[in-house]
Amino acid sequence: MADVAALAGVSQMTVSRVINGTATVRPATRERVLAAMRSLDYQPNTAARALATGRSSRLGVVAHHATLFGPTSTLHEIERVARSAGYTVSVITADALDTVGIRTAVDALRRQPVDGIVIMTPHRDAVAGVEALDCDVPIVTVHGRTGHGAAAVTIDQRAGARRATNLLLSLGHETIWHIAGPQEWLEAQERAEAWATALRDADRPVPDLLQGAWDARSGYELGRQLLVEHPEVTAVFAANDRLALGLYRAAAELGRRIPEDLSIVGFDDVPEAAYYAPPLTTIRQDFGQVGKLSIALLLDEVDNGGATVRYPVVDADVVLRDSTAPPPG
């Protein structure tokens with residue numbers, strides 16, 4: 001720091017203010033200090049800063065199934081926003097979303113240490129795991145609100161599922177079948193409940209729930225079974241875009257045209273959904289906004305001892321493409 005100060009022609013205190021993002025440094029002085037840091041390849045000593053400030057400038061994330069589109073997108077935004085705020089991020093993948101798995105992951109992060117932790121809780125066992133925690137660092141949960149008292153960011157799954165169902169009903173379909181995700185996942189459960197409620201509210205029959213995994217294979221197998229056993233089906237709401245993709249193949253093999261014979265709505269709006277044949281109508285979840293809000297809440301907890309807004313809800317909107325149409329005839 002002394003070398004940087006000498007090269008920039010400022011005091012070490014000014015260098016410290018630039019590193020810590022203090023607003024009282026004039027822009028020209030700040031740029032001169034930053035140029036000196038780049039010239040000398042200076043990197044702040046995070047261990048020393050942690051001893052001096054009592055903070056590690058590190059945040060932790062407990063994730064599971066981070067290869068899925070939603071968790072991956074959320075993690076990317078969490079890391080980006082945290083980095084812009086001067087924090088690094090440590091990610092621990094929980095081996096299981098239960099009490100032991102959550103506690104083990106949180107303990108591993110606390111040993112690093114971290115100033116706060118984001119825990120992804122899309123599974124009912126993960127909710128129970130967070131509720132059982134006794135943790136002395138701020139926690140924010142994502143995709144599942146708990147009774148722990150932690151701030152939480154969620155997406156309005158029910159509103160998205162109602163919009164998917166009502167869209168198909170508005171096109172004139174008598175009823176809509178649903179290929180659901182695993183019901184131990186909170187998102188799958190909420191989507192299925194909202195689908196059934198929307199049909200009852202419209203005084204339409206509620207077909208049997210078809211429950212699968214979050215993958216295209218389930219969509220294909222359940223879709224083929226559905227279309228063979230119930231050839232009268234004209235509309236299906238799939239709980240995610242992967243399930244919808246499997247249903248596309250099943251329909252093609254059985255000679256069912258999309259959307260002329262069969263309308264399909266997915267959920268998530270993965271980047272590939274716009275390139276299905278035909279492009280998939282789906283429900284868009286703003287995972288980037290979820291990542292931004294989770295870090296904003298966590299830093300509010302870290303800096304102020306409590307989040308100003310504790311339970312923000314991100315909306316889920318229809319993305320209308322070419323996989324939906326009125327029923328045949």
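Is D261 buried or exposed? With a relative accessibility of 16%, D261 counts as buried, where buried means under 20% relative accessible area, exposed over 50%, and partly exposed in between (1.4 Å probe, protein chains only). The model is a predicted one, in which local features need pLDDT of at least 70 and side-chain atom pairs count only at pLDDT 80 or more, while totals for chains, interfaces and linings use all residues. Residues are numbered from 1 along each chain as its sequence is written, and side-chain values use heavy atoms, with hydrogens and water left out.

Side chains of opposite charge can pair when their charged atoms come close. When a salt bridge is taken as a side-chain nitrogen of Lys or Arg within 4 Å of a carboxyl oxygen of Asp or Glu, the count comes to 14 salt bridges. Among them, D261 is joined to R257 at 3.0 Å, N to O.

A salt bridge of 3.0 Å, N to O, also joins R217 to E221, and both of these residues lie in helix α10 (residues 216-229), four residues apart, about one turn of the helix; helices (H or I, at least four residues) and strands (E, at least two) are DSSP runs, numbered from the N terminus. R217 is exposed at 62% relative accessibility, whereas E221 is partly exposed at 41%.

The salt bridge between D136 and R110 has an N to O distance of 3.2 Å. This pair links distant parts of the chain, 26 residues apart, with D136 in the loop between α7 (124-131) and β4 (139-142) and R110 in helix α6 (residues 99-110). D136 is exposed at 61% relative accessibility, while R110 is partly exposed at 29%. Together with D107, R110 and D136 form a network of salt bridges.
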